[in-house]
Amino acid sequence: TEQLGSERMSTWFDQVALQIVEKTVRVLCPNSFLHKWLRDSFGAELRLVVKRTLGTDVRVEFVVEAAP
């Protein structure tokens with residue numbers, strides 16, 4: 001949250017869920033608009049945060065899927 005900013009996080013990430021499957025962090029987006037927006041606007045920053053937090057071998061993928 002500190003890296004991305006709490007206001008930006010709540011605006012864009014309140015609608016998504018994060019799921020960790022093996023060495024992949026999946027960003028579950030409820031629709032294609034949010035998928036594209038998050039991937040294009042925050043993909044690089046999110047990958048950096050994940051790398052710093054979980055390690056270099058972790059992949060980030062954005063998918064259109066309802067949150068569990």
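Guide: Let's start with pairing: two strands pair if DSSP finds at least two bridges between them. Helices (H or I, at least four residues) and strands (E, at least two) are DSSP runs, numbered from the N terminus. This is a predicted model, where local features need pLDDT of at least 70, side-chain atom pairs count only at pLDDT 80 or more, and totals for chains, interfaces and linings use all residues. Residues are numbered from 1 along each chain as its sequence is written, and side-chain values use heavy atoms, leaving out hydrogens and water.

Visitor: Which residue is the bridge partner of Ala17 in β2?

Guide: Leu28 is the partner of Ala17. Likewise, Gln19 stands opposite Arg26.

Visitor: Are the residues of β2 buried or exposed?

Guide: Buried means under 20% relative accessible area, exposed over 50%, and partly exposed in between (1.4 Å probe, protein chains only). Six of the six residues of β2 are buried, so the strand is largely enclosed by the rest of the structure. In a regular strand the side chains alternate between the two faces of the sheet. In β2, Thr24, Arg26 and Leu28 lie on one side, and Val25, Val27 and Cys29 on the other.

Visitor: What does Thr24 touch?

Guide: Contact means heavy atoms within 4.5 Å. Not counting residues up to four places away in sequence, Thr24 touches Gln19, Arg59 and Glu61.
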